[in-house]
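Have the sequence and the model open side by side. The paragraphs below go through a set of local features in turn.

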Amino acid sequence: MFKLFLALPLLTSLAAAQSLRTVDNPSGGHVTYGIFDQDSTKQAAMVDMLRKVHANFGDKPQIGQFFESKQGETVGTFFTVTAKKQNNKPVAGMILVTMPNGLKPSAACLYDDASRFSSTRPALMKLLIASVTGNSSSDAGGSDQPSVSRAHVSGRPGPVGQLHRVVAPDNSASMQVPEGWRVKNGSGGGQLAVEGPRGESMALGIVNGNIYDPTNPQARTMIQYLSRGSAPYSVCPYSRDLVAIYKCVSQQQRQRMRMSPIASFKVNNYQNIGASQYLQQNAVVDADIDFGDGKGVMRANIQLGTMTVGNQYSLFVGQVNVPESIADQEWSTVMAAAKTYSQNQGVVQGQINVQLDNQRATFDAQQERHRAQVAQGDASTAAFNAHNDQLDRQSKSFQNLTLDQSVLEDTHENARGTITNNTADAYVKANPDRYRIVPQQDWIKGQDY
């Protein structure tokens, strides 16, 4: 749903100055993202990033129209530049600067060869989102990236029961759960869903992407495009009310999965825990929810966060559900279990790389099919034109035969014309080195026929 610097020494110095991280897309393109150490504004950070693009490539970037998120926390622009330090290679990219209230600005830049940037940009955006919101376990090499996937610890008292470790089928996430709990189908890719024997459930590390705000003109254009395809997406207004976004996204997802809509949603407590460098909004919600599945009312603890990139945004969810009838008994144990959730970032990153490779292979296959279709069309056109040409030649040949005419060429003057057979024969007989009767296969279209 961004490596700014080609020269390694420059990248290293900037990483020290701005805590930049770099992620390469194996299928093409790069991501660089980080936080500005110095106090700044969005506009000053954008100017600084553009200056660094200029310094790195040796050419002033040509920028497009600036765009801004609805809440005004993110500003971005597309650019093109000639990489004079890289054999004048044309490069295209996009710069994003985000500055939540009260925090330092963070920036990200994506770029790739200009010829393919439009095709790799969605994958680069997805890579950026995964990189800045990833949560890693100790066996994955560690990470200091922010995460909204850990459920908030409620203040409800109670004893904590014994826990044991469970792992997602692809080893991308793990956590400690009470006895009798099991991993649900669909877990993987850093997401982990588990359920207990008495109707309890947890879904952690959930990323809902491809959400478009219908009040955003750019997003409306994308909605019209996606409506013609089969890729899943959600249409929900972007607002400060994360519960409204959650309910909107959930209802559309449940509709796609042919599940009953949420029957009721009562908010008991809404705690805004502030933005982070990468999440424009972040909140914890305690609620009573009836999912309309016959299990009755659930006491739920949900952590929600949003991240806007371009004309789309993502909703991050970590959720705990316990039936109201046993919530007081089990709440402390379930919340303690939720705190143990972690991702194996090495596995998650490997999966992202595979997805990007597959996307690139799909794009290449589509391009090859397009080239084959063009070639087939060109061959059909050529065959059609050749057929019409042959008909024209035959028509002119029949006309010459009927009118007793021939095409005579004057090889000295490089001139030719259609005259009667007797006259043509006389010219050739008088000077065979200069004149010749032109056979049909040598006729020139537009001149002889």
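How many disulfides does a search of the whole structure find? The search finds one. The model is a predicted one, and the sulfur atoms of Cys236 and Cys248 are placed 2.1 Å apart in it. The link of Cys236 and Cys248 is left-handed, with -90 degrees about the S-S bond. Cys236 sits in the loop between strand E13 (234–235) and helix H5 (242–256), while Cys248 belongs to helix H5 itself; the pair, 12 residues apart, links distant parts of the chain. Cys236 has 0% relative accessibility and therefore counts as buried, the limit being under 20%. Another cysteine, Cys109, also has 0% relative accessibility and counts as buried.

The structure holds six of them. One is formed by Phe57 and Tyr111, with 5.8 Å from centre to centre and 80 degrees between the planes, an edge-to-face arrangement. Phe57 lies in helix H2 and Tyr111 in strand E7 (residues 106–113), so this pair ties together parts that are 54 residues apart in sequence. Both Phe57 and Tyr111 are buried. Why is the pair of Tyr238 and Tyr313 edge-to-face? The ring planes of Tyr238 and Tyr313 stand at 80 degrees, with the centres 4.8 Å apart, and an angle over 60 degrees counts as edge-to-face. Tyr238 is in the loop between E13 and H5 and Tyr313 is in strand E17, so the pair ties together parts that are 75 residues apart in sequence. Tyr238 and Tyr313 are both buried.

Helix H2, which holds Phe57, can be checked for its length. It covers residues 42–57, and its 16 residues should span 22 Å at 1.5 Å a residue; the end C-alpha atoms are 23 Å apart, which agrees. The buried residues of H2 include Ala45, Met46, Met49, Leu50, Val53 and Phe57. After H2 comes Gly58, with a positive phi near 75 degrees.

Positive phi values also occur in residues other than glycine. Asn210, in strand E12, has a phi near 55 degrees. With a relative accessible area of 28%, Asn210 is partly exposed. Asp404 has a positive phi of about 60 degrees and lies in the loop between H7 and strand E19 (405–410). Its relative accessible area is 38%, so Asp404 is partly exposed as well.

Helix H7 (residues 345–403) also contains Val348. At 8% relative accessibility, Val348 counts as buried. The C-alpha atom of Val348 is 6.0 Å from that of Gly190, although the two residues are 158 residues apart along the chain.

Strand E12 and helix H5 come back in the second largest pocket. The volume of this pocket is about 1000 Å³. Which elements each supply at least two residues of its lining? They are strand E11 (192–195), strand E12 (201–212), H5 and strand E17 (312–323). The lining has 34 residues, and those nearest the centre of the pocket are Lys184, Ala203, Arg254, Met257 and Met259. By class, the lining of the second largest pocket has 14 nonpolar, 13 polar and seven charged residues.

Methods. Residues numbered from 1 in each chain as written. Predicted model: local features only at pLDDT ≥ 70, side-chain atom pairs only at ≥ 80, totals over all residues. Heavy atoms only, no water. Disulfide = S-S within 2.5 Å. Helix = DSSP H or I, 4+ residues; strand = E, 2+ residues; numbered from the N terminus. Buried < 20%, exposed > 50% of the residue type's maximum accessible area, 1.4 Å probe, protein only. Expected span 1.5 Å × (residues − 1). 1 Å grid on protein atoms, 1.4 Å probe; cavity = no way out; pocket = protein on both sides within 12 Å on 5 of 7 lines; lining within 4 Å. Points joined across faces, edges and corners; volume = space filled by probe spheres on them. Nonpolar A, V, L, I, M, F, W, Y, C, P; charged D, E, K, R; others polar. Phe/Tyr/Trp six-rings, centres within 6.5 Å; stacked < 30°, edge-to-face > 60°.
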